[in-house]
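Dear colleague,

Please find the structure handed over below, together with its sequence. I would be grateful if you could read the notes that follow alongside it.

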Amino acid sequence: MARINAGADSGLPLWWLALAAALLPMITIHLTYLVSALEGFVDWCLPYLQSCTSISRTGRHGTAYFIFKGAMLPAAVAGLLFWWLNPRWLRHLGADSERLGWLTLLGVVACLALVLYTLALGHAGDGFRLLRRTGVVLYFSLTFLAQLLLSGALCDVPGWQTQGRRLRSLCLLTLTVAMATVVLQAAAYDFYQSIEDGFEWCIALLLNLHALWVALLWRRSHFRAVLRVAG
């Protein structure tokens, strides 16, 4: 039987799991971009600045198709565990437990949406296009809401308020970028279409940076699973 404990001196460190949840999606999309560019399926560019390709397009063809699916599905599983463990980490730090039920729900549904998006990627047809669109919108929006809730909960924990405020500031930056896309779609649609992919890359990066920051906080708090033999 495993018992989750924050601040224990012994046991299995869990921060590596959060690190995997943060880095797997980030590494995957950059790797599939490089492979797709090498194989000629997308142009060489700086996708964050030049908006030459969407994240989806990097994993639709050739070797990158298999890399994307083979890495992103485990990333979704790591994300599920990450969001299942976050309320336990926050409770051990002293956060208000009544607010944390939504944290797991939002995170888990976001990761299931990532699975939906990944499975639909690379298949033609309006139905698959709708599934991809639904998956990516739910993944981005629900992950953001879960991160915002986590940051707010950490702001109320004595000794962790500074980290909570910094994480919340990162969420505010993510929200600002997302709102900019809404404004540009309404005010300058043609211009927005030319830079839409760059916004997608930036939002994905910001979400992954938040998860990476939380992984480092897990490490700082010595968040561990202590194994106990029942009986």
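This is a predicted model: local features need pLDDT of at least 70, side-chain atom pairs count only at pLDDT 80 or more; totals for chains, interfaces and linings use all residues.

Salt bridges

Side chains of opposite charge can pair when their charged atoms come close. A search of the whole structure returns 2 salt bridges.

One of them joins the side chains of Arg-57 and Asp-197, with an N to O distance of 3.9 Å. This pair connects distant parts of the chain, since Arg-57 belongs to helix α3 and Asp-197 to helix α8, 140 residues apart. The separation of 3.9 Å qualifies because a salt bridge requires a side-chain nitrogen of Lys or Arg within 4 Å of a carboxyl oxygen of Asp or Glu.

Asp-126 is exposed, at 60% relative accessibility, whereas Arg-129 is partly exposed, at 45%.

Helix packing

Helix α4 spans residues 62–93 and helix α8 spans residues 189–220; their axes are 12 Å apart and the packing angle is about 50°. The two helices, α4 and α8, are therefore oblique to each other. In handedness, the crossing of α4 past α8 is left-handed.

How are α6 and α7 oriented, roughly parallel or roughly antiparallel? The angle between α6 and α7 is about 155°, and their axes lie 7 Å apart. α6 is therefore roughly antiparallel to α7, because angles over 145 degrees fall in that class. The crossing of α6 and α7 is likewise described as left-handed. Of these two helices, α6 covers residues 126–155 and α7 covers residues 161–187.

Surface patch

Which residues form a nonpolar patch on the surface? They are Leu-172, Leu-175, Met-179 and Val-182, and together they have about 360 Å² of accessible area. Leu-172 is located in helix α7. With a relative accessible area of 53%, Leu-172 is classed as exposed, because that class begins over 50%.

Sequence and spatial separation

Two C-alpha separations may be set beside the contacts described above. Ser-56 is placed in helix α3, which runs over residues 55–58. Ser-56 is buried, with a relative accessible area of 9%. Along the chain, 27 residues separate Ser-56 from Ile-29, and the C-alpha atoms of the two are 8.7 Å apart.

Arg-129 and Glu-98 are 31 residues apart in sequence, and the distance between their C-alpha atoms is 38 Å.

Yours sincerely

Note on methods:
Residues are numbered from 1 along each chain as its sequence is written. Side-chain values use heavy atoms; hydrogens and water are left out. Patches are made of residues with over 30% relative accessible area and no salt bridge: like charges are joined within 9 Å, nonpolar side chains (Val, Leu, Ile, Met, Phe, Trp, Tyr) within 5 Å. Accessible areas come from the Shrake-Rupley method with a 1.4 Å probe; for residues, only the protein chains shown count as cover. Helices (H or I, at least four residues) and strands (E, at least two) are DSSP runs, numbered from the N terminus. Buried means under 20% relative accessible area, exposed over 50%, partly exposed in between (1.4 Å probe, protein chains only). Axes are lines fitted to C-alpha atoms, for helices over the stretch in contact, and angles run from 0 to 180 degrees between N-to-C directions. Angles under 35 degrees count as roughly parallel, over 145 as roughly antiparallel, 65 to 115 as roughly perpendicular and the rest as oblique. A crossing is left-handed if the near helix is turned anticlockwise from the far one by less than a right angle, and right-handed if clockwise.
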